[in-house]
Amino acid sequence: MRELKNKLTASKNTKNIQRRKSKSFGYQVLGFGAGGSVVKYDADYLIIAGGGSTGHASGGGGAGGYRSSYGSCAAACGVAKLTFEAGCYTIDVGAGAAAAAHGNKGSNSNICGTGICFSSTGGGKGGQAGGSGGGTGFHGGTAGAGNEGGYTPVEGYAGGPGSPGHGKPGGGGGASQVGTPGCGDRSGGDGFTSGITGSCVARGGGGGGSQNGSANSGPGGAGGGGTGTGQAGGQGQPGTANTGGGGGDGGPTLGTGGNGGSGIVVVRFPGCATVSVSPGTNSVSACVGPSNDKVATFTVDGTLTVS
């Protein structure tokens, strides 16, 4: 996956369709030389990166970075839509990180094409910065910071600090809140719920931490975060696919951490747009919402074509 850090490129025009027109003697000239009409669409988006994974007592994995223009939260923050011209756009859906002894960082999700190069940041492993940061591990240290991309509004929050003297790693950060400390319930931070696809779905939850030698586990954050485990040699649960959820912390003594959940990219166009996607694993839904919008959903890498 490409690690892109570019900021938002979007038009401030509030119209759904924008046209640049060339006129001659008061008439619009179409299809001759430079006198054609260029159509643009302002579209809402949801772009979530892959979640961070964990290892044995390494701290909960951070959720993949969560960026969206859709919903009241985005509107209140003045988040602009993305402006798409006719053409092809490359979509990278961030992979969830594979579990390892100390975890791994999730991969970025990206939209790149004419006038747009836009990304969200992969979630951090335990103690690592990312879209959302990973929780502190069994041996202490600093929790991973969130919003590594430096975006406004933020794409995610920090992991929870651990309690090294008590063997309680912290939960991973989520899209909407910090992970819970190891001295608490070690849960991952919660994500957000979005209705951009026409159905309300929670995504962007951090992975739960663990507690050494205890059957108690840190629950994953709402929105796909995996549950941690405290059992020696225990298995942390993976983050849910296409939510960017962080992996749950594995138990001590060679426990196995959970994989991070893969990300997702969703673009919601006005109904008058002509939109197609590839490969066929991805989809376009028509007549969504009261404005009969078209929603392109990418669960794997692909190409978005707009005309």
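Let's start with one residue. Valine 178 is found in the loop between E9 and E10. Valine 178 counts as partly exposed, because its relative accessibility is 42%. The cut-offs go like this: buried is under 20% relative accessible area, exposed is over 50%, and partly exposed is in between, with a 1.4 Å probe and protein chains only.

A word on the model. It is predicted, so local features need pLDDT of at least 70 and side-chain atom pairs count only at pLDDT 80 or more, while totals for chains, interfaces and linings use all residues. Residues are numbered from 1 along each chain as its sequence is written, and side-chain values use heavy atoms, with hydrogens and water left out.

Back to valine 178. Together with Val154 and Tyr157, Val178 makes a nonpolar surface patch of about 220 Å². Patch residues have over 30% relative accessible area and no salt bridge; nonpolar side chains (Val, Leu, Ile, Met, Phe, Trp, Tyr) are joined within 5 Å, and like charges within 9 Å.

Now the whole protein. Of its 307 residues, 50% count as buried. The protein exposes about 12000 Å², and carbon and sulfur atoms supply 52% of that. Those areas come from the Shrake-Rupley method with a 1.4 Å probe; for residues, only the protein chains shown count as cover. Next, contacts, meaning heavy atoms within 4.5 Å. Take the contacts between residues at least 6 apart in sequence: 54% of them join residues at least 24 apart.

Next, rings. How many aromatic pairs does the structure hold? Four. Rings of Phe, Tyr and Trp (its six-membered ring) pair if their centres lie within 6.5 Å; planes under 30 degrees apart are stacked, over 60 edge-to-face, and the rest tilted. Tyrosine 45 and phenylalanine 118 have ring centres 4.8 Å apart and planes at 70 degrees, so this pair is edge-to-face. Tyrosine 45 lies in strand E4 (residues 38-48) and phenylalanine 118 in strand E9 (residues 116-120), so the pair ties together parts 73 residues apart in sequence. Tyrosine 45 and phenylalanine 118 are both buried.

Another pair is tyrosine 66 with phenylalanine 192. This one is tilted, at 5.4 Å centre to centre and 55 degrees between the planes. Tyrosine 66 is in strand E5 (residues 66-68) and phenylalanine 192 in strand E10 (residues 192-194), so parts 126 residues apart in sequence are tied together. Are the two partners buried or partly exposed? Tyrosine 66 is buried, at 9% relative accessible area. Phenylalanine 192 counts as partly exposed, at 32%. There is also an aromatic cluster, formed by Phe84, Tyr89 and Phe269.

Arginine 67 lies over the face of tyrosine 151, 3.5 Å from the ring centre. The rule here is NZ of Lys or CZ of Arg within 6 Å of the ring centre and within 35 degrees of the ring normal.

On to salt bridges. The rule is a side-chain nitrogen of Lys or Arg within 4 Å of a carboxyl oxygen of Asp or Glu. By this rule there are four. Glutamate 85 bridges to lysine 40, with the closest N and O atoms 3.5 Å apart. Glutamate 85 is in strand E6 (residues 82-85) and lysine 40 in strand E4, 45 residues apart. Glutamate 85 counts as partly exposed at 21% relative accessibility, whereas lysine 40 counts as buried at 18%.

Strand E4 also holds aspartate 44. Aspartate 44 meets lysine 81 in a salt bridge at 3.7 Å, N to O. Lysine 81 sits in the loop between helix H1 (72-76) and E6, so the pair ties together parts 37 residues apart in sequence. Aspartate 44 is buried at 11%; lysine 81 is partly exposed at 31%.

Then arginine 268 and aspartate 293, which meet at 2.8 Å, N to O. Both are buried.

Last stop: glycine 191, in the loop between E9 and E10. Glycine 191 is buried, at 14% relative accessible area. Beyond its neighbours within four places in sequence, glycine 191 contacts residues including Ala175, Arg203 and Ala222.

Definitions and conventions
Helices (H or I, at least four residues) and strands (E, at least two) are DSSP runs, numbered from the N terminus.
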